[in-house]
Amino acid sequence: MNPNLKRLRRSMMFLNCQKPALIKDPYIYKPDSIMLDLEDAVAEREKDAARYSLFHALREIDYRGVERVVRINGLDTDLWREDIRCAVAGGCDSVRIPKTETAEDVRRVEAAIAAAEQEFGVEPGRTLIMAALESARGVMNAFEVCQSSPRLFGIALSGGDYTKDLQTTISGTGVELMGARQHMIIAARAAGVQCFDTVYTNLDDMNGFRKDVETIHAMGFDGKSIINPRQIPIVHDVFTPKAKDILFAEKVVREIDTKKAQGIGVFTVDGKMIDIAFYAGAKRTLALARASGVYKGDL
């Protein structure tokens, strides 16, 4: 299994491949992933130029461990196959499929990626896939999409197009996105893949942004798409376990390991009743803290 399927992806920052200045050094802001965009951000007449910039950026720039995801053009265009060839030849880490509606959409992209890997001598299976759900149909098919390919590491909500399809608008309250968010996180968890939230476009409302991030964190999302480096510290702060959470998780793991050996199934930690069902959550907290660089323990 590709070890990057479960890597840390709290923040995924969109960058326009049409503008070389934007994609040359985004690693300085320390996002977990960058989204090198060939789709909506790029003018129709600039698609070839954007591919040229993308290829050379992937081949020549050291992104210092930041994951490089390429958003290709839609499968309803004549652009996406060449986008994939360019991205794979450059050595991208993953391809994002826009406007995904069915498992077959993913399988079409999977086949094109496999062909490109063979064509350009890339290790088979190296290039991962994520699928953006942008319509009511796509959201309804979330579970099937999540199960579509062993390359697929996760799904993401695209709120702008989704709300248009619902015949409503982004309100800022999140109420119009709640159904899709809940459905998608349930589908992703049932299939064992990651789930990512849509962008928050009002850069003048950082308090609203933090509340939005706190909401999707509480719902179980793995991370959030972002459009500006200013949003990164907030996302990382919300998604990184705090010292008290790490300490409690350590206690839970140690107590369960000890009590299980003694045949004890239920006990208390810091006044809270705990049983074996808490073990996986505690281990996940420690793993997330370790991946975030704030925990060096060995549990």
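## Strand β1 and its partners

In this predicted model, Asn16 has Asp37 of β2 as its bridge partner. The two strands concerned, β1 and β2 (residues 33-37), run parallel and are joined by 5 bridges.

Strand β1 also pairs with β8 (residues 223-226), again in the parallel sense, over 3 bridges. Within β8, Lys224 is the residue opposite Ser11.

## Packing of α11 and α12

Helix α11 (residues 243-261) and helix α12 (residues 279-292) have axes that come within 9 Å and cross at roughly 135°. Angles over 145 degrees count as roughly antiparallel and those from 65 to 115 as roughly perpendicular; α11 and α12 are therefore oblique to each other. Their crossing is left-handed.

On the α11 side, the contact is made by Asp245, Ile246, Ala249, Glu250, Val252, Val253, Ile256 and Asp257. Helix α12 contributes Tyr279, Ala282, Lys283, Thr285, Leu286 and Ala289. By class, the residues of this contact between α11 and α12 divide into 9 nonpolar, 1 polar and 4 charged.

Definitions and conventions
Residues are numbered from 1 along each chain as its sequence is written. This is a predicted model: local features need pLDDT of at least 70, side-chain atom pairs count only at pLDDT 80 or more; totals for chains, interfaces and linings use all residues. Side-chain values use heavy atoms; hydrogens and water are left out. Axes are lines fitted to C-alpha atoms, for helices over the stretch in contact, and angles run from 0 to 180 degrees between N-to-C directions. Helices (H or I, at least four residues) and strands (E, at least two) are DSSP runs, numbered from the N terminus. Angles under 35 degrees count as roughly parallel, over 145 as roughly antiparallel, 65 to 115 as roughly perpendicular and the rest as oblique. A crossing is left-handed if the near helix is turned anticlockwise from the far one by less than a right angle, and right-handed if clockwise. Contact means heavy atoms within 4.5 Å. Ala, Val, Leu, Ile, Met, Phe, Trp, Tyr, Cys and Pro count as nonpolar, Asp, Glu, Lys and Arg as charged, and the others, Gly among them, as polar. Two strands pair if DSSP finds at least two bridges between them.
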